[in-house]
Structures are given as structure tokens and as C-alpha cells.
Amino acid sequence: MQWTGLNELREKYLSFFESKGHLRLKSFSLIPNNDNSLLLINSGMAPMKKYFTGEVTPPRKRVTTCQKCIRTPDIERVGITARHGTYFEMLGNFSFGDYFKHEATAWAWEFFTKVLEIPADRLYCSIYEEDDEAFEIWTKEVGVDPSHIKRLGKADNFWEHGSGPCGPCSEIYFDRGLKYGCGSPDCGVGCDCDRFIEVWNLVFTQFDNDGNNNYTPLANPNIDTGMGLERLACVMQDVDNLFLVDTVQNIMKHISKVSGVEYGLDAKKDISLRVITDHIRSTTFMIGDGVMPSNEGRGYVLRRLLRRAARHGKLLGIDKPFLSEVAKTVIEENKNAYPELVEKSEMITKLINYEEESFYKTIDQGLSLLNSFIEKADSNVFSGDDAFKLNDTFGFPLDLTKEILAEKGMTVDEARFKELLTEQKTRAREARKNAGADAWAGDSIDLEGINATEFVGYTALNTDAKVLAIVKNGERVQFANENDEVIVVLNNTSFYAESGGQVGDTGVISGENLEIKVTGTTKNPNGIFFHKAVVTKGTLTEGDKVTSSVDSARRHSIMRNHTAAHLLQAALREVLGGHVEQAGQLVDDNRLRFDFTHFSAMTSEELKAVEALVNKQILDAIAVESREMPIEEAKKLGAMALFGEKYGDIVRVVTAGDFSREFCGGTHVNSASELGLFKIVSESSAAAGIRRIEAVTGINFYKLLGDNIELLNKTAAALKVANIHDLPAKALQLENELKEKQKELDALNAKIAASNIQGLFDKAEDVNGVKVITAKFDGADSQALRTMCDKVKDLANDKAYVCVFAGITDGKGTLAAAATKAAIAKNLKAGLIVKAAATIAGGNGGGKPDFAMAGIKDLSKVEEALNAVASIVEKDVK
């Protein structure tokens with residue numbers, strides 16, 4: 001048993017199972033593919049569930065993988081103990097109805113005892129208490145000492161998840177030695193001490209549970225094994241935890257170098273070192289697989305991990321962004337197993353740096369505000385409103401607030417916090433619901449015996465076909481009549497199915513005395529195309545011979561826009577840099593919408609340069625070619641892959657001259673000249689670190705040009721300008737005139753304020769040495785209220801004054817508050833005062849200590865809000 005590095009262990013395992021006839025698959029993306037039940041891939045078998053259920057045919061019956069995994073239920077425990085981590089790799093060998101217990105056990109034992117040379121007397125096995133077959137195999141075939149076999153109950157050694165496939169499992173344990181034991185004479189497998197650690201779990205999926213604990217043997221049992229790579233490394237390197245494993249230690253050493261803090265000398269600082277080490281591993285791999293920071297879903301997990309790591313950096317005394325530099329070490333340590341990290345390194349480091357810098361801009365202010373809230377708290381329960389403000393204004397995730405509060409023995413009013421987030425969560429749910437609107441494509445439809453649809457639409461827009469299935473109201477039927485809404489499955493089709501951001505084709509399916517209007521096309525994971533359609537004439541019958549005809553004009557518009565999206569990405573990378581990656585797109589017949597990674601709004605010069613580059617390719621009429629090739633050949637040619645996408649061995653590559661080369665299964669024009677012209681309509685933010693461009697080509701460019709000319713002509717007519725070219729000068733003239741009018745209005749407001757304020761000073765109420773002025777002004781807008789507040793401060797002559805004025809204009813109410821320097825010195829802040837007053841009238845707001853404003857919703861309570869100002873001041877004044 002020799003010391004072995006983590007990267008070498010991974011390769012030894014995968015090579016061993018390749019020698020046993022297994023197909024080595026690359027790790028699947030951390031982003032689940034067509035699986036809404038998971039936020040992130042959390043086990044080796046998770047991305048292969050459909051292989052086990054039979055929904056999708058596996059590439060081979062024997063498969064081996066090393067799968068990237070993220071588990072986040074115990075984020076707040078990561079760092080506090082050395083056992084918890086969010087990122088890990090799971091080694092696994094799988095059999096889909098091929099080999100079973102005999103081979104799985106024998107190979108596991110061979111790998112441990114022959115390849116890794118682990119002494120057999122340090123290995124122990126657990127089995128399900130009723131699995132006599134496993135006991136016989138382990139002891140009589142494999143040769144394990146019966147005293148090294150432990151029978152455990154269903155809770156420990158039987159894998160099941162409700163109804164469906166399930167079965168007993170057998171775990172292999174490593175004996176770390178007496179020094180890790182509890183000293184009990186009963187110490188052994190299953191003991192809670194640290195002596196015996198589970199290393200490998202072999203799941204024997206051999207039954208089907210009907211949901212009522214009635215078990216039926218499966219005709220083709222499966223094997224699903226899982227072994228944590230980091231845990232195996234702990235065994236082979238004789239270290240206590242994952243943070244001491246070689247590759248992980250190298251990451252931690254980089255953090256120690258930046259912070260000047262050595263691991264193992266200070267328990268509190270060790271927590272921070274572990275937090276940063278774990279979280280930068282997770283975030284580097286997440287971004288490498290296409291996860292983008294956001295405030296919900298997996299993007300929220302990413303942001304939460306980055307911000308927790310950044311905060312612990314500050315606890316170590318690091319006062320500047322540093323995580324992107326540490327990410328480079330993560331990439332270096334993993335580059336051989338995951339070369340995509342190197343390919344995406346610029347993107348990964350830029351995004352991490354952008355997120356960290358954004359957090360640094362607010363973290364000090366947020367921490368200061370949090371501490372001030374804590375000081376004012378009159379119980380150990382932190383206000384949900386304050387937690388929400390920290391989240392909404394300063395980007396503090398609730399979990400980070402909870403973690404800081406826990407360090408001070410406090411909790412947070414989560415019910416109130418969640419109440420304030422309800423509207424946002426409702427919107428998110430609706431968005432997800434709408435995103436899943438293609439449920440009509442139904443994975444649940446019974447299509448047994450139907451093969452994948454042959455797509456011929458790259459070269460033909462019309463093709464003869466046979467009707468293989470008709471689905472109506474979610475069920476297969478033999479025929480459909482006029483006006484019936486159906487899904488039609490054909491043996492081949494010219495209709496492109498929605499994928500890769502390109503919308504599905506529409507058109508007509510026709511036959512003898514038959515016409516069906518196709519309104520959309522999608523496909524299921526098995527490649528069966530679903531034509532969503534309405535029977536407009538005749539009766540459709542399963543088995544009918546028909547002709548599928550794509551709407552040619554619409555398809556060509558879509559093709560123009562899809563090719564334009566490729567040219568746009570290449571132009572963006574040339575103008576902005578190699579960090580630009582596609583982060584999403586929508587290509588239809590009206591426009592293209594392209595989302596890409598970039599960290600600031602594009603300047604007008606950059607937009608012009610991108611537009612000019614794309615139009616140059618169009619005017620040069622560069623050829624556009626599509627062909628299939630092995631993925632390795634495509635990579636050698638420099639073809640760009642979609643960020644975070646998983647590809648097969650054969651890929652389709654679309655090449656536009658020497659300008660663009662991408663993996664793409666969509667439909668494209670043959671020459672860039674077919675685009676006509678390209679025009680960017682808008683550039684905006686789609687999410688943090690993601691920009692969005694919308695653009696048009698072809699006939700839509702022509703329509704846009706005509707609409708804009710018409711708009712200019714109407715504007716010129718309204719402004720009485722004879723020539724549209726004179727519009728800029730006219731607009732400047734009007735702007736100058738408005739500025740002069742505003743100056744006159746401001747002067748008038750100042751006079752009105754002066755006359756109003758002088759009388760109010762005489763009526764000011766004295767509250768513990770502070771003069772309080774309140775008043776309501778009908779017709780006063782926010783600018784007038786601001787002017788009056790400034791006048792109060794001017795006339796106060798260094799005395800303590802607080803004023804709150806209400807203005808009612810066009811049925812809307814506004815409060816404005818001001819506090820003089822002398823009042824601020826007495827702990828009075830305009831922002832807190834106006835917020836408290838506005839709350840009474842159903843409003844909200846805030847601002848600086850000397851001036852603040854708020855909106856009010858319930859105008860009937862304006863007087864009540866103003867009357868409460870004196871008591872608000874009395875409560876806070878010191």
C-alpha cells in the first residue's frame with residue numbers, strides 16, 4: 001500500500017474498469033440535463049437515471065465515470081468541521097442489465113487488494129442482513145474472512161427511494177487502526193467512531209418496489225457503485241480529512257500564502273481556510289459547467305458560496321479580491337482530468353473576480369449596518385425586515401446573515417423574511433412554470449417501440465413520411481378528426497425540433513383529403529419529434545402516408561438569425577475579448593436574442609465595431625458550411641462548444657469562412673450574404689455578469705428601417721421641423737428651453753418655501769431640546785419638498801431641528817425629512833425618521849442622515865404619519 005496522489009487514483013480506477021470492458025465516460029455537467037428534480041448533480045448515478053429506468057439507451061451496458069458532484073445541505077457546517085465539503089468527485093462503475101454481484105464484488109476486491117495493494121486484513125464489508133447471496137459470494141468466491149463481514153439492517157444496507165427499482169447494498173470499509181478507535185470491545189463496522197470508514201458502496205438493484213413494500217425481482221438487475229475520490233485519497237495518503245489530500249492542500253497553501261495564515265495553528269482561522277478551500281473548488285467547477293450567479297436556483301448557490309468565501313477571506317485579513325487567483329490553482333490541479341477548465345479559465349477567473357468585487361463594494365457597509373441592527377436588537381431574534389434589507393440592498397444572502405448571527409448567539413425571524421420575498425418567489429415559480437410549458441411534448445406518453453425520428457430538414461423542407469403515433473389529450477389514439485389538437489409522431493421529418501435556442505418549425509402535414517397545421521415542434525430525450533398540430537381538414541389515422549412541409553419563409557428567417565448569432569459571438573470575442581461565452585440564446589423568425597458573459601455595459605463604440613464586423617462578413621459573402629465529425633477533430637479545428645453543454649462522440653460543426661467555427665445542431669444559411677444586413681436593436685443586462693443583445697436581419701432589418709424612418713417623420717411633424725436631419729438641433733433647443741423654465745420654477749419654489757417655512761418655525765414643537773416641524777402641502781412635488789427641507793437647514797442657525805413635510809400631487813403622496821447637524825449629533829437620522837413615518841401610511845423609503853424621502857400609499861393616513869413624527873424623535877433622541 002503506497003502513497004498515491006488523487007489524480008493518479010482517479011486514473012487508476014478508470015483504467016482498471018476500462019480493462020473490464022467498461023466504457024469510460026467523461027464527467028457529466030454539474031447542471032442536470034432534462035432533470036428538474038435536481039438543482040445540481042450530487043452523485044455518480046444522478047446523470048444516468050434515465051439509463052437505469054430505460055427511458056434512454058446507454059452507450060454501452062458497462063460504464064465507468066468519475067463524476068463531479070455538489071452537495072449543499074450543510075453549507076453552514078463546511079469549515080466548522082473538517083468532514084464537510086460541498087464539492088467532491090464520485091468514482092463509479094455501472095452495469096445496465098449486464099453483470100451483477102459476482103463481478104461487482106470480485107472487481108472491487110481486486111482493485112483494492114491488487115491494484116492499490118491495500119492489505120486484505122484492513123478491509124471489511126457490510127451486507128444487507130437478509131442478503132445471503134452476497135455473504136456467500138464475499139466469503140466463498142472472493143475469499144473475504146467471514147469475521148470481516150457485518151450484516152446490517154434495511155436503514156443501512158438497502159437502497160430504495162419510494163416505489164421503483166431498489167435493492168440491497170454492500171459497503172467496503174477501511175480499518176484506520178486502533179488509534180482512531182473508541183476502545184470499546186464491540187468496536188467494528190457500524191461503530192460511530194473514526195476507526196472504520198466506509199470507502200465504497202456497491203448497490204445491487206435487483207427488485208422493483210410497488211410503493212407498498214412488495215418487492216418483485218427485476219428481469220435485468222443493475223449495478224450502481226459509488227466511491228468518493230477524496231475519501232479514497234485520505235486512505236491512500238494516510239491523512240485524516242479531505243483538506244489534507246494533496247491537490248486540496250495545494251489550493252489551501254495558495255490561500256495561506258495570500259493571507260499569511262498557516263493551517264493548523266489557530267482553530268478559528270483554520271475554519272476560514274477550510275471554507276475558502278472548499279468553496280473555491282465548488283465555484284470554479286460550477287462556473288466551468290455554465291452556472292451563472294443569480295438570486296435563485298443554482299445561481300444563488302454559486303453566489304452564496306462565493307460570498308461566504310469572500311467574507312472568510314476578510315476574516316483572515318485579506319482586504320482585496322483574491323479568489324480568482326486561487327481559482328487558477330484549482331484549474332492547475334485539475335487540468336489533466338478536466339481540460340475544459342483550462343479552456344474556460346479566462347471566463348472563470350473574470351466572473352469570480354467580478355462577483356467578488358461587487359460584493360466587496362457593499363460588504364463593509366453591509367457588515368456595519370448588520371452590527372448596528374444587532375446593537376439595537378432588544379432580543380435574540382433578529383428582525384426579518386432588517387435581514388431582508390441586508391439581502392435586498394447589500395447582497396447579503398440570508399444564510400450569511402444567519403451565520404454571522406449564530407456566532408453571536410442570535411437567530412433571525414425567517415418567517416417575516418420569507419413573507420417579504422413571497423412576491424419574488426411567486427414570480428420565479430411562474431417563470432419556471434412558463435419555462436416548462438412544453439410539457440405537451442410529454443415524456444409520459446407511451447411510445448414504446450418507436451425509434452428516434454430521422455431528421456432530414458437540413459437539406460429538404462418537404463419529405464414523405466409515415467404517421468407512427470397520434471397523441472390527443474396526453475394519450476395515444478388511432479385517429480384524429482377535424483379541429484382536434486394533437487401531437488403527431490412521424491418516422492422522418494423535415495421539421496426542426498426546438499433545441500439549442502432555435503425555435504421549432506411550423507408548417508403543414510398533408511395527405512389525401514388531409515391537412516394538418518403544425519404550430520410547433522419539439523423532441524423528447526430519445527430523439528422522437530413531436531409535431532404539435534391541429535387537424536384542419538379530413539381525418540388523420542395512425543399509419544397514414546403523409547408529406548411534411550415546413551413553412552419555408554419562416555424557416556429561412558430563422559436560419560438567417562441563427563447564422564447571425566454565430567457571427568455575433570465571433571465579433572464579440574474579437575472586440576471584447578476571449579472571456580465572452582454564449583450564456584443563452586433565442587433564435588426565431590423575427591429576431592435573435594443572444595446572452596453572453598461580459599461584466600459591463602457595452603459602449604456605443606464597441607457596439608458599432610461589433611455591428612461593422614458582422615456586416616463585413618455579410619458583404620464579403622463568406623461561405624457557411626455544416627458537417628459532422630468526431631468531437632476530437634472538431635476541437636483540433638478550434639470549434640467553440642456551447643458553455644456547459646454535453647456532447648457525444650460525433651458533433652456537427654458550422655463554419656463561417658475563417659471568422660466563426662462552432663458546434664451546432666441548428667439550421668443555417670449557405671452564405672452570409674443571405675442575411676442581407678445585421679442591426680443591433682438593443683444591449684442590456686440579463687443577469688449579473690451576463691449581457692444581452694437583440695438584433696435583426698433580412699426582412700426584419702427592412703421593417704425596422706421603415707418603422708424608424710416613419711417614427712422620425714412623425715416626430716419631425718410634431719415638432720414642426722421640415723427636415724428630419726434638423727431634429728437633433730431642435731431637440732437641443734427644446735432641452736435648453738426646458739432648463740431655463742426649470743430654473744425659473746426652482747426660483748419660484750424657493751420663494752414659496754421661504755414664505756411657508758418662516759411661519760412654520762414659529763409653530764415648531766420642542767421635543768427634548770429638538771425643534772420638530774411638520775406640514776402638508778397640496779400640489780408640492782418632490783423637488784419643492786426638497787427645497788423646503790434645505791430652507792429649514794439654512795434657517796436653523798446650528799440649532800437642532802427636524803422637519804418632515806408631506807406633498808400630495810396627482811393622487812400620490814411623498815414625505816421628505818431633514819435633520820440639521822445638531823439634530824444628527826443627538827442620534828436623529830432623517831432616513832430612519834422618514835421610514836418610520838411612511839410605514840404608518842403604508843409606505844417605505846429612506847436616505848441619508850441629513851435628508852431622506854419616502855413614498856406613501858394610504859393618503860388618508862398622512863396626518864397620522866405627520867403627527868407621529870414628534871414621538872419618533874422622542875424615542876430616538878439622546
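## Ala800: buried or exposed?

A residue is called buried when its relative accessible area is under 20%. Keep that cut-off in mind as you look at this predicted model. Ala800 has a relative accessibility of 8%, so it counts as buried.

Where does Ala800 lie? You'll find Ala800 in the loop that links helix α21 (782-795) to strand β32 (801-809).

## Who touches Ala800?

Gly769, Val770 and Lys771 are among its contacts. Ala800 is also in contact with Thr820, Ala822, Ala823 and Lys826.

Now pick out Ala672, which is 128 residues away from Ala800 along the chain. Between the C-alpha atoms of these two alanines there are 72 Å.

## Strand β13 and its partners

Let's move to another part of the chain. Which strands pair with β13, and in what sense? Strand β13 covers residues 462-472, and it pairs with β22 (residues 545-550) in the antiparallel sense, over five bridges.

Strand β16 (residues 485-490) is another antiparallel partner of β13, with four bridges between them. In this pairing, look for Ile470 opposite Val488.

## A hairpin turn

Strand β14 (residues 475-477) also runs antiparallel to β13, and three bridges join the two. One of the residues to look for is Val471, whose bridge partner in β14 is Arg476.

Together β13 and β14 form a hairpin with two residues between the strands. What phi does Asn473 take in this hairpin? Asn473 has a positive phi, near 55°.

Key. Residues are numbered from 1 along each chain as its sequence is written. This is a predicted model: local features need pLDDT of at least 70, side-chain atom pairs count only at pLDDT 80 or more; totals for chains, interfaces and linings use all residues. Side-chain values use heavy atoms; hydrogens and water are left out. Buried means under 20% relative accessible area, exposed over 50%, partly exposed in between (1.4 Å probe, protein chains only). Contact means heavy atoms within 4.5 Å. Two strands pair if DSSP finds at least two bridges between them. Lists of a residue's contacts leave out its neighbours within four places in sequence.
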